[in-house]
Amino acid sequence: MAVVFKKTQGLTDAQTHYCPGCTHGIIHRITAEVLEELGVLGDTIGVAPVGCAVLAYNYFNCDMHEAAHGRAPAVATGVKRIFPDKVVFTYQGDGDLASIGAAEIVHAAARGEKITTIFVNNAIYGMTGGQMAPTTLPGQKATTSPYGRDVDHCGYPIRVSEMLSTLTGAAFVERVAVNNPANVRKAKAAIKKAFQAQIEGKGFGIVEVLSTCPTNWGLHPLDSLKWLEENMMPYYPLGNFRDPAKEEEGK
Amino acid sequence: MAKILMKGNEAVAKAAIEAGCRYFFGYPITPQNEIPEYMAKELPKIGGVFLQAESEVSAINMIYGGAGTGARVMTSSSSPGIALKQEGITYIAGAELPCVIVNMMRGGPGLGGIQPSQADYFMSTRGGGNGDYRTPVFAPASIQEAVDMTMEAFDVADYYRTPVMVVADGMIGQMMEPVEFKTPKKRELPAKDWATTGTKGERKPNIINSLFLDPQELEDHNIKLDAKYAQIEKNEVQYEMYKAEDAELVFVAYGTTSRIVKNVVEELRAEGVKAGLIRPKTIWPFPFKAFDEIPAAKNLLTVEMSMGQMIEDVKMASNGRWPVSFYGRVGGMIPTPQGIKGKALEVIGGAK
């Protein structure tokens with residue numbers, strides 16, 4: 001019998017701890033598939049964040065390094081500067097990357113650090129129990145914005161991809177979503193291009209993945225996908241912001 | 001190799017390179033800037049990497065990543081910068097990675113000043129960051145010693161898989177002395193088979209981590225670390241006894257301060273006072289056993305460039321055997337021989 005689908009070698013057999021309906025599992029899988037398809041698993045060192053993906057080091061089937069909250073880009077920098085020929089990636093959530101680790105991600109991008117960041121944006125702090133994130137939408141309720149995010153009080157959500165794409169060192173920047181099969185395929189293609197940009201030495205690459213948090217949003221998984229489409233996508237438009245391949249074509 | 005005249009900071013940087021350090025991540029802060037500057041100039045010439053991070057927090061996390069690869073890595077800073085690095089240091093200790101951290105101390109708290117100080121004794125010897133851990137801390141009193149200790153620090157780090165600190169002060173960093181770069185006594189070092197070097201598809205993934213969600217696993221990890229620290233306390237204590245064997249007044253001082261105290265010991269001896277000095281060369285582990293070697297002692301006098309931090313270890317070492325007094329200057333004020341001697345005579349008078 002012909003095998004039409006099998007689990008990627010890029011993931012271990014460990015059971016993940018993610019909540020039912022959470023899209024981290026999909027993002028892990030497409031990232032792992034890309035590493036396997038590029039044939040670089042044996043030369044990859046990943047850096048896990050603090051937050052929901054804190055245990056990612058148990059799930060990716062490559063050497064892994066756990067970092068402190070927000071510091072993954074700095075840890076990845078240390079690894080990459082010693083092993084310029086290895087593939088180095090960080091996997092970070094929005095609290096980790098856009099709040100406590102804002103300096104680290106901005107400067108890794110500014111340096112053109114040849115690493116790849118998978119940035120999972122679900123507009124809320126998941127692991128710590130649903131507090132407001134830098135990406136929480138105006139009016140969105142969270143445990144620390146119980147009346148809805150008031151922009152007069154705590155400011156506006158950060159559009160990370162737009163911000164980083166202003167930096168010359170950021171070679172590849174794309175925002176994707178994993179809300180339906182077509183978008184999952186696009187997300188995987190973007191992740192592949194980001195890793196290729198690293199392998200070709202083009203500079204820093206980041207793929208922002210709009211993701212759901214049914215548990216902390218208090219929604220059914222299917223309603224979460226709908227909420228993502230209706231609320232997150234208008235504020236965080238999907239699309240490519242920087243692509244070295246496109247930029248070379250345009251020259 | 002002939003002696004060469006070098007500034008303390010540059011000598012420390014050269015010593016690290018001699019010891020095989022090829023990767024340095026740092027952030028500027030006075031009075032240690034000649035270390036990153038030297039690294040920026042010299043490392044690229046020998047295939048190494050100097051990188052200036054955007055902050056001390058980032059620099060120590062680059063060290064964390066770098067140490068995970070198994071390479072010899074180092075960072076340096078001064079007091080407020082080391083305070084920021086404490087986050088990374090506890091992770092490095094928790095994940096059991098080797099690296100060397102140099103602190104050229106300045107006065108605090110807060111921004112303090114830029115003059116020499118020894119007020120980071122607690123921060124260096126008590127863990128500094130969160131959780132139960134210790135870092136071996138070398139405290140050089142001369143530039144030669146700073147060189148020798150920096151070299152040894154890399155071996156101690158690799159041997160025990162731990163961050164190691166070299167803690168001096170702005171005086172050691174900024175002054176010049178002749179130094180010799182001797183090949184240090186080599187230890188047999190364990191293989192770094194835990195490092196994240198890429199599996200090449202030939203082994204199970206290596207994971208660098210300090211997270212233990214299972215309480216029993218975390219307790220086991222802490223017990224394991226504690227056993228390692230007990231080994232370090234047993235094997236790595238270094239100290240100097242300076243005319244202490246027959247001394248009735250025993251000074252305790254380390255680093256720059258100990259050099260001034262040695263002059264006072266000479267002056268007091270010339271005046272018929274039996275004075276001596278215990279000089280910790282490692283401030284953690286602290287040389288408690290040195291205090292068993294002072295049979296004639298009647299008084300201990302701790303001298304520090306702080307308001308009194310090491311004195312707590314001295315009191316523990318004394319354990320009620322002797323009265324322990326203190327003399328300190330802070331803010332970048334250097335203790336003078338006259339000031340120390342005045343306190344010494346007061347202590348002896350009080351003991352009569």
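This is a predicted model: local features need pLDDT of at least 70, side-chain atom pairs count only at pLDDT 80 or more; totals for chains, interfaces and linings use all residues.
1. Residues are numbered from 1 along each chain as its sequence is written, chains are lettered from A in the order in which they are written, and side-chain values use heavy atoms, leaving out hydrogens and water.

2. Chain B has an open, mixed sheet of 7 strands, ordered β3-β2-β4-β5-β7-β6-β13; strands are DSSP runs of E, at least two residues, numbered from the N terminus, and two of them pair if DSSP finds at least two bridges between them. β3 (49-52) and β13 (282-284) of chain B are the edges, each with a single partner strand, so one side of each has no neighbour in the sheet.

3. Within that sheet, β5 (residues 99-105) and β7 (residues 163-169) of chain B run parallel over 7 bridges, with B:Ile101 opposite B:Met165.

4. Chains A and B bury about 2600 Å² between them, 61% of it on carbon and sulfur atoms (accessible area lost on being put together, 1.4 Å probe, summed over both). On the chain A side, A:Asp63, A:His65 and A:Ile82 lose the most area, together 23% of what that side buries.

5. The interface holds 4 salt bridges (a side-chain nitrogen of Lys or Arg within 4 Å of a carboxyl oxygen of Asp or Glu). One of them links A:Arg111 to B:Glu54, with the closest N and O atoms 3.1 Å apart.

6. Strands also pair between the chains: β2(A) and β9 (residues 207-208) of chain B are parallel, joined by 2 bridges. There, A:Met64 has B:Ile207 as its bridge partner.

How values were computed. Helices (H or I, at least four residues) and strands (E, at least two) are DSSP runs, numbered from the N terminus. Buried area is the accessible area (1.4 Å probe) that two parts lose on being put together, summed over both.
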